[in-house]
Number of protein chains: 2
Amino acid sequence: MSPELAAALAADAERVERALEVLLPERPGEEASLFAAMRYATLGGGKRIRPFLALESARLFDIAESCSLRVAAAIEMAHCYSLAHDDLPAMDDDDLRRGKPSLHRAFDEATAILAGDALLTRAFEVIVDPPTHGDPGVRAALALELARALGAEGMVGGQMIDLATEGRVDLDIGTITRLQRLKTGALILFACEAGATMAHAGQHLREALRGYAQDLGLAFQMADDLLDVESSVAETGKAVGKDAARGKATFVSLLGAERARAQARLLAAQAAEHLAPFGARADRLRAIARWVVERRA
Amino acid sequence: MSPELAAALAADAERVERALEVLLPERPGEEASLFAAMRYATLGGGKRIRPFLALESARLFDIAESCSLRVAAAIEMAHCYSLAHDDLPAMDDDDLRRGKPSLHRAFDEATAILAGDALLTRAFEVIVDPPTHGDPGVRAALALELARALGAEGMVGGQMIDLATEGRVDLDIGTITRLQRLKTGALILFACEAGATMAHAGQHLREALRGYAQDLGLAFQMADDLLDVESSVAETGKAVGKDAARGKATFVSLLGAERARAQARLLAAQAAEHLAPFGARADRLRAIARWVVERRA
């Protein structure tokens, strides 16, 4: 990663962290552990790539950071809710997340389910709250797009396909692509498009961001599959080698590592090209696309 | 229940059922079981009291039924998501719901978690979608109020208190009241207030509905606690005697059955009085308050 991109990513991660700190306060009382679990699942970790995409998307349109930071924080809450539920024993049964015990290991299963539910709900609450945007039509549009990205025809649907096809080695590239477009692609798409929605942007600029997001999302997933094969727990802070152990068909098992890597690089380059209408303002989005396929964690 | 109220409740339950049928379609593909589980958890059962309250609240202000029915359906989705998650083995571990196997028994735990997540998300999606109201400010306000009712400072917080205090017989009436205001009261409040929000009603009428909802919510819960002690599985379609078996402090264990019944009736009468500003238009809301404390299921 270039020093410029690293510095930009770190600065935004810090801003997102501070926003999340404020939006997810501690609370006393019998339900204190719920609030503690919401904070545990969200604060102090992660690369914050999705919030970064949302912030950069908003910067293309000069959206005030006081607004875009709330959208970015809501996206991270939604992402962390999905990790908490996916890690549960009944789902992927993962003990490790972001280098520490996963939520249900640090608390318990009931608290992990409830904290996930509460984070998802809080994401919508933050999005539709007036401080997020002066135009209620924009807030309602953001919430609608977020719901579509997260629901049965988005992220949850993707996770269902993932569970339902576990152990099936006969999956074709079309099914895997569709699975990933839903499971990880939909929320990335929402993050990349958020600036356009906040700015009432026209169809042309919106389509440019959508094209970028769709290619980036697939490149991101292919890189993730490569990391699961080639990386270590120490590097990623989560379990590795899981896909093969579960007999899961992935881009890597289907294409082989070399073709998957070449394909990921091609998609990343293609993602960057979609951003032409934004000129040099989109350079950081181009840089993150390059980095996504070269990262080691 | 009077024949008039029974007919009104049945007619609205039928309308809500048809709306839910349309809003929760079946889907083919690898994720078909997710959509089937969402339908299983929501369709074909339940008294639909919360949707009824929302529809009646909207009628006070002559809101078009095409709008209020969507809000009512979203409320039922949110209610059914909470039942699906509360029934999970890690939570209340209930095998029976609405006279049939609970969601995780009919499908599996992973599907039950995901279907609950997807129903919650779909509730927000339906609320903020343009067909629900022509004014995006109303849609954003409804979503904000729904999120507050459902989140860590609402329903999920109440469920956390419930789990955290299980087995503690020393709970006082203040803690139980707070628990119930969050766990069941907040969504009932949202349902009762929804008409006022859709109609841009003034503070006076909104406060009347809030007062009604708060008294009704507590009366409803006291009646539920009484049913758990005095009713049968055949009557309620869910497990009974659970509270005592779990050593759970309830209104009944704290006050005794007779005082709890008297208190519930008092609250129901008080609830009805809040509706004075609406005159005879609110007669069905008054009738449901009376019925709630006399019901046998």
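At roughly what angle do the axes of helix 6 of chain A and helix 7 of chain A cross? In this predicted model, the axes of helix 6 (residues 109-128) and helix 7 (residues 136-150) of chain A come within 8 Å and cross at roughly 155°. Angles over 145 degrees count as roughly antiparallel, so that is how helix 6 and helix 7 of chain A are described relative to each other. On the helix 6 side of chain A, the residues that meet helix 7 are Ala123(A), Phe124(A), Ile127(A) and Val128(A). Helix 7 of chain A answers with Arg139(A), Ala140(A), Leu142(A), Ala143(A) and Leu146(A). Sorted by class, this contact has eight nonpolar residues, no polar ones and one charged one.

Ala143(A) turns up again in the largest nonpolar core, which has 209 residues. Within that core, Ala143(A), Ala219(A), Ala143(B) and Ala219(B) touch the most other members. Take Ala219(A): leaving aside neighbours within four places in sequence, its contacts are Ala264(A), Leu267(A), Ala268(A), Ala271(A), Ala289(A), Val292(A) and Val293(A).

Chain B can be laid on chain A by a turn of 180° and a shift of 0.0 Å along the axis, with an RMSD of 0.0 Å. The two copies are thus related as by a two-fold rotation axis. Each chain puts 43 residues into the contact, 43 from chain B and 43 from chain A. On the side of chain B that touches chain A, helix 2 (32-42), helix 6 (109-128), helix 7 (136-150) and helix 8 (155-164) each give two or more residues. Helix 6 of chain B gives the most, with 12 residues. The residues on this side of chain B split into 25 nonpolar, nine polar and nine charged. Because 100% of the interface residues of chain B are also interface residues in chain A, the copies meet through the same surface.

Elsewhere in chain B, helix 15 (residues 283-292) has these buried residues: Arg284(B), Leu285(B), Arg286(B), Ile288(B), Ala289(B) and Val292(B). Their cover includes helix 1 (3-23), helix 3 (49-59), helix 10 (203-230) and helix 14 (257-273) of chain B.

Another arginine, Arg98(B), sits in the loop between strand 1 (96-97) and strand 2 (100-101) of chain B. Arg98(B) counts as partly exposed because it has 16 C-beta neighbours inside 10 Å. Not counting residues up to four places away in sequence, Arg98(B) touches Gly45(B), Gly46(B) and Gly237(B). As for Gly44(B), 54 residues away along the chain, its C-alpha atom and that of Arg98(B) are separated by 9.1 Å.

Definitions and conventions
Residues are numbered from 1 along each chain as its sequence is written. Chains are lettered from A and ligands numbered from 1 in the order in which they are written. This is a predicted model: local features need pLDDT of at least 70, side-chain atom pairs count only at pLDDT 80 or more; totals for chains, interfaces and linings use all residues. Axes are lines fitted to C-alpha atoms, for helices over the stretch in contact, and angles run from 0 to 180 degrees between N-to-C directions. Helices (H or I, at least four residues) and strands (E, at least two) are DSSP runs, numbered from the N terminus. Angles under 35 degrees count as roughly parallel, over 145 as roughly antiparallel, 65 to 115 as roughly perpendicular and the rest as oblique. Two residues are in contact if their C-beta atoms, placed from the backbone, lie within 7 Å. Ala, Val, Leu, Ile, Met, Phe, Trp, Tyr, Cys and Pro count as nonpolar, Asp, Glu, Lys and Arg as charged, and the others, Gly among them, as polar. A residue is buried if 20 or more other C-beta atoms lie within 10 Å of its own, exposed if 12 or fewer, and partly exposed in between; C-beta atoms are placed from the backbone. Copies are superposed by least squares on the C-alpha atoms of residues with pLDDT of at least 70 in both. A nonpolar core is a set of buried Ala, Val, Leu, Ile, Met, Phe, Trp, Tyr and Cys residues joined through C-beta atoms within 7 Å.
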